[in-house]
Amino acid sequence: MAEKIIGIDLGTTNSEVAVVENGRVTVIDVTPGHPILPSFVGLADDGSILVGEPAKNQYVLYPERTIKSIKRRMGSADQVEMGDTAYTPQEISAIILRRLKAIAEAHLGEAVHKAVITVPAYFSDAQRQATREAGEIAGLEVARIINEPTAAALSYEANHQGHKKVLVYDLGGGTFDVSVVGIEDNVVEVLASHGNNQLGGDDFDAKIVEHLVAHLQQQGADPTPSRKAMARITRAAEIAKIALSDQPYCRIEEEYLLEKDGTPVNLTLELARDDYEAMIAGYIDETLEAVHIALKGAHLTVSDLDEVLLVGGATRTPIITQRLEADLGLTVRAEVNPDLCVATGAAIQAGMLAGEAVSAVLVDITPYTFGTSALSELNGMPYPFTYVPIIHKNTPIPVTKSEVFYTMRDHQEAVKVDVYQGEDPDALNNITLGEFMVENLSRAPANNPIIIQFALDLNGIMQVTAREKNTGLEKSIRIDNVLTRFQEGALETARARVNALFADEMMNAATSTEAGSGVTDQQLRVQAQALVEKAERLLDNASEDDREEMINLIETIKDALSSGNYDALAEPVAELSDILFYLES
Ligand code: AMP
């Protein structure tokens with residue numbers, strides 16, 4: 001049997017090792033269940049060497065004998081001090097590589113001598129040479145150095161035939177790179193690359209830290225002189241950031257953080273995703289500018305791109321996908337774990353060099369989108385069954401995601417939660433999986449937040465929970481077999497069949513509404529009812545003239561609704577909608 005070659009992602013913050021076994025890639029665990037080795041090296045109290053998590057843990061307390069982010073110095077003549085000794089960047093990287101080699105050997109039960117190691121596309125010859133030397137110091141022959149975006153593309157496109165242009169957006173802990181990659185019958189080439197090697201998820205943490213420090217200072221407690229308090233705040237900030245990728249709010253609680261005048265100071269604060277997103281908006285803008293610079297560098301435009309792939313842990317921040325999709329008009333792919341896809345691609349390249357057959361990476365993803373409905377806009381008008389996706393298709397499972405919704409009326413006592421599967425912006429065109437009521441809400445004014453959570457496991461069991469944020473009142477349902485309900489393609493067939501049944505009705509509706517917008521009678525009726533309800537609530541805010549006009553329009557609409565004369569609805573609905581628009585803006 002050919003000698004194994006391992007694939008290594010030697011990262012600034014984290015490193016991983018992977019290998020092809022029986023045609024499939026395994027990213028090897030460093031500790032049970034954890035394949036990520038923090039790229040930290042340190043000396044313990046007794047002088048022994050620490051690599052990974054233990055070194056990271058002592059960083060705040062003993063920075064003088066702990067080294068992080070050595071990758072930033074590769075290729076330079078710098079030396080770094082650890083304890084009493086100076087080391088070259090190659091030597092420190094070699095310590096990390098040796099640990100990864102040992103992890104692979106323990107997993108495989110055999111000695112390993114060769115590796116493929118990834119480097120950023122922008123690495124110079126000197127930086128690549130230093131990486132090779134680090135490998136050799138660690139006892140590894142570097143079979144090939146490959147670019148990180150190339151590896152990421154390989155993890156998605158192993159065995160790809162034909163050609164494709166792919167944008168790889170890589171936002172890690174401390175670096176950001178975007179590359180345009182061309183794939184031609186399995187040959188992957190970086191066409192252009194741009195980025196900022198001082199921007200990453202750590203900067204997002206720093207924004208939250210600033211916010212927390214300001215909050216404490218407002219209370220008259222300043223944590224900045226205390227290294228220990230700042231370390232706790234920094235950890236809490238990262239945990240909050242990660243939580244906000246899946247939920248609309250999070251609570252930050254650090255007890256006994258400081259002492260002020262002999263009394264303990266606790267940190268307790270709620271952070272909303274919207275506020276957090278505003279804090280990091282400038283960074284996201286910068287990354288989008290870099291995307292366009294890279295495209296320009298490759299002499300391509302957005303329309304030449306076939307796909308966008310996400311790499312790096314920080315890309316789990318949902319606003320990144322939203323902004324990229326809005327800016328590029330393409331679906332963003334993140335099925336292969338963004339922390340592991342570079343190591344996965346390195347292992348695929350290693351497997352190919354070793355002459356092994358490598359099959360495509362298999363990941364468990366949901367092939368369907370799941371969501372609920374809410375009053376929002378559809379075709380420019382308020383519509384109570386606007387679809388709000390919560391778990392998007394191609395998301396790796398298991399997954400738990402939640403979003404916030406608001407009650408519409410003062411003292412609203414109940415909300416109905418509908419659960420759908422599908423993609424249509426009109427929830428009524430999707431498949432209803434279930435529904436439930438949450439009753440006995442507190443007597444709160446309108447806009448009482450209700451958090452709706454969807455949790456989907458590997459067995460296709462979906463748990464949907466609605467919680468009144470202010471009281472914790474909760475209700476949930478469980479729906480089985482949501483992943484097997486419809487086979488691929490069956491959904492389309494079913495929808496086409498159902499649409500055909502309603503073809504006549506849709507034709508009528510299309511001709512009876514303005515410019516044939518495709519709004520059905522049923523949609524127009526619910527839109528009109530919702531508009532009337534809203535107008536009635538806003539009557540008190542309107543000027544005398546507007547009020548009179550609104551009352552007339554409300555009556556016209558109600559008449560048309562009760563007589564079923566839908567042809568007469570479009571005009572007053574549009575007029576009333578205009579008035580409400582100006583009233584609210
Ligand atoms: P990497 O260097 O690719 O391992 O990425 C590490 C960065 O990703 C760190 O800043 C992490 O805090 C961040 N990260 C990891 N998971 C998430 C998440 N679910 N949401 C947002 N950021 C994350």
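**Exercise 1. Which side chain has an N or O atom 2.6 Å from a nitrogen atom of the ligand?**

Ground rules come before the solution. This is a predicted model, where local features need pLDDT of at least 70, side-chain atom pairs count only at pLDDT 80 or more, and totals for chains, interfaces and linings use all residues. Residues are numbered from 1 along each chain as its sequence is written, and side-chain values use heavy atoms, with hydrogens and water left out.

Solution. The side chain belongs to Ser 245. Turn next to the ligand oxygens. For Ala 314, a backbone N or O atom is 3.0 Å from an oxygen atom of the ligand. The protein covers 87% of the 510 Å² of accessible area (Shrake-Rupley, 1.4 Å probe) that the ligand has on its own.

**Exercise 2. Describe the shell around the ligand.**

Solution. Then assign helices (DSSP H or I runs, at least four residues).

**Exercise 3. Locate the nonpolar cores.**

Solution. A core joins buried nonpolar residues (under 20% relative accessible area, 1.4 Å probe, protein chains only) through side-chain atoms within 4.5 Å. The largest has 50 residues, and Leu 167 is one of those with the most contacts inside it. Helix α7 (residues 273–297) gives this core its largest share, nine residues. A second, separate core has 36 residues, including Leu 43 and Met 74.

Notes:
A polar contact is a pair of N or O atoms within 3.5 Å; within protein, one must be able to donate a hydrogen and the other to accept it, and residues adjacent in sequence count only if both atoms are side-chain atoms. Helices (H or I, at least four residues) and strands (E, at least two) are DSSP runs, numbered from the N terminus.
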